[in-house]
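Subject: The structure for you to look at

Hi there,

Here is the structure I promised to pass on to you. Have a look at it first, and then read my notes below.

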Amino acid sequence: MNSHRIAVIPGDGIGLEVIEAGKRVLEVLAEDNTDVTFDFVDFDWSSERYLKTGQYIPDGGIEELKTFDAIYFGAVGSEKVPDHISLWDLRLKICQGFDQYANVRPARVFPGITSRLQQAEDIDWVIIRENSEGEYSGNGGRVHQGLPEEVGTEVSIFTRKGIERIHRFAFEMAQSRPRKHLTLVTKSNAQRHGMVLWDEIFFEVAKDYPDVTITRELVDAITTRMVLKPHMLDVIVATNLHADIISDLAAALSGSLGIAPTANLNPEGTFPSMFEPIHGSAFDITGKGIANPVGAFWTAVMMLEHLGETALAKRLMTAIEEVVASGLHAPDLGGSATTREITDAVCERVRAIR
Ligand code: ATP
Ligand code: MG
C-alpha cells in the first residue's frame, strides 16, 4: 500500500479553483486502486492570510511541510500585496528552504489545440530552470532613496556548485529523452562573469555525457529559434531569470499559459518537491468558474511521476489528452467549457481507462 502525504497550498485567485479540480481528479484516480491513497492536508497560506496576520507562512510552517512526500501548489499573487513580497514570502521561501534547485517545465502541443504558431506540432521541449540562485539571489540594495542620485542594485550570484548541479540535471534529462539534445542558454556575450562561468561549466559537464548532442544559444537568439525553428530544440537549460521568460513564451506558443505545468525538484529527495501550474492567480477570471484546470492536471501527472506512480501518471495524461482532443476547451483556448465541465470529463475518462 502506497500512501502519499501531499501538502496542498492552493494560494490565491484561480489557484484555489484549479487545485480543487486537481485534487478531485487525483481522488478519482485512486478510488479503484487499493494499492494507492492520497492523504491531502490543506494549508491556507495565501495573500488573504498575509493581510490578516502579516505572514504567508506561520512560524514552524516550513518544518511542518518537511514531513510531506510532495507539495501541490496553486498560485500566489494579489493586487493588495506587492508581487515581490508574495513571491519571496511564500513561493521562494519554499523553493529555497527545500533546495528545490531544478525547475522543470515541459511544453508541447496537445492534439486538438490550435497554436498561433504554424510549426507548433514540432514543440516538444523541456526547459530546465536553475531555481536557487542567479538573478533571483535577492542581493543588492538601495541608496539615496528618493533623491535624484538614487541607485538600486540587483546582484546575480552564480556558484560553481549551483551551476554544476543544474547542468548535470539537464544532461541527465536530455539523456533520458529520445533525441538526447541539450541547448545551453545564457547571455555571456554581454554578461562577462557569472554567465561565462555558466558556459564554462556546461562544457566541462558535457564531457561526461558524450551521447548528448549540444548547442549554445544566446537568450535573445533562442526566442527567435523557438518561434521559427521549434524542431531544433529538445531540452533547454537556462538561468533563473532567462528560463522564467522563455518558459512563458513556450507556454504561449503551445496554446495557453493555462495548460502548462512545472515541477520544483529537490532531486536528491532530501526535502519534498513542489508541483504547480505555471500560471498565476489571474484575478481577471477568478470566481467565474472558467479557469482552465489542464495546467493543474498536467502538474498532477508530474507529481505522480515523482512519487513513482508511473502507471497512474500515464492514465491521467491519457485522460487529459483525450479530453483536450475532443475539443472541450476553456475560454483561454477559444472554447466555452467551464472548469467543472473539463474536470468532470477528465474524471470520466480516468474511470473509463482502467
Ligand atoms: P500572477 O501575478 O500571479 O502571475 P497574473 O494575474 O499575472 O498572476 P497569469 O496567470 O500570469 O496571471 O496569467 C495572465 C493571464 O492569462 C491571466 O490574467 C488570465 O487571463 C490568463 N490565464 C492564466 N492562467 C489561466 C488559466 N488557467 N485559465 C484561463 N486563463 C488563464
Ligand atoms: Mg503573471
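Leaving aside neighbours within four places in sequence, which residues is His4 in contact with? They are Phe38, Asp39, Asp69, Ala70 and Leu307, where contact means that the C-beta atoms of two residues, placed from the backbone, lie within 7 Å.

Before going on, please keep in mind that this is a predicted model, in which local features need pLDDT of at least 70 and side-chain atom pairs count only at pLDDT 80 or more, while totals for chains, interfaces and linings use all residues. Residues are numbered from 1 along each chain as its sequence is written, and chains are lettered from A and ligands numbered from 1 in the order in which they are written.

**More on His4**

You will find His4 in strand E1 (residues 2–11). Helices (H or I, at least four residues) and strands (E, at least two) are DSSP runs, numbered from the N terminus. His4 counts as buried because it has 20 C-beta neighbours inside 10 Å. The cut-offs are these: buried is 20 or more other C-beta atoms within 10 Å of the residue's own, exposed is 12 or fewer, and partly exposed is in between, with C-beta atoms placed from the backbone. His4 and Ala313 are 309 residues apart in sequence, and their C-alpha atoms are 14 Å apart in space.

Two packed helices are described by the angle between their axes and the distance between the axes. Axes here are lines fitted to C-alpha atoms, for helices over the stretch in contact, and angles run from 0 to 180 degrees between N-to-C directions.

Start with helix H1 (residues 14–31) and helix H9 (residues 294–306), whose axes come within 8 Å and cross at roughly 45°. H1 and H9 are therefore oblique to each other. For the wording, angles under 35 degrees count as roughly parallel, over 145 as roughly antiparallel, 65 to 115 as roughly perpendicular and the rest as oblique. The crossing of H1 with H9 is right-handed; that is the name if the near helix is turned clockwise from the far one by less than a right angle, and left-handed if anticlockwise. On the H1 side, Val18, Ile19, Ala21, Gly22, Val25 and Leu26 meet Gly295, Ala296, Phe297, Thr299 and Ala300 of H9. Eight of the residues in this contact are nonpolar, three are polar and none is charged. Here Ala, Val, Leu, Ile, Met, Phe, Trp, Tyr, Cys and Pro count as nonpolar, Asp, Glu, Lys and Arg as charged, and the others, Gly among them, as polar.

H1 also packs with helix H11 (residues 339–352), at an angle of about 15° and with the axes 9 Å apart. H1 and H11 are therefore roughly parallel to each other. On H1, the contact is made by Glu17, Val18, Ala21, Arg24, Val25, Val28 and Leu29, and on H11 by Thr339, Thr343, Val346, Cys347, Val350 and Arg351. By class, that is eight nonpolar, two polar and three charged residues.

**Helices H5 and H6**

Helix H5 (residues 160–175) packs with H6 at an angle of about 50°, and their axes are 9 Å apart. That makes H5 oblique to H6. This crossing of H5 and H6 is right-handed. Among the residues that meet are His167 and Phe171 in H5 and Trp198 and Ile201 in H6.

Ile201 is worth a click: its place is in helix H6 (residues 194–206). Ile201 is buried, because 20 other C-beta atoms lie within 10 Å. Not counting residues up to four places away in sequence, Ile201 touches Arg160, Ile163, Glu164 and His167.

**The core**

The largest nonpolar core has 93 residues, and Ile71, Ile127, Ile128, Val237, Phe297 and Leu316 touch the most other members. H9 gives the most to this core, with nine residues. A nonpolar core is a set of buried Ala, Val, Leu, Ile, Met, Phe, Trp, Tyr and Cys residues joined through C-beta atoms within 7 Å.

**Two loop residues**

Asp99 has a phi near 45°, a positive value in a residue other than glycine. Asp99 lies in the loop between helix H4 (83–97) and strand E4 (102–108). Is Asp99 buried or partly exposed? Asp99 is partly exposed, with 17 other C-beta atoms within 10 Å.

Ala282 also has a positive phi, near 45°, and sits in the loop between strand E12 (273–277) and H9. Ala282 is buried, with 21 other C-beta atoms within 10 Å.

Happy exploring!
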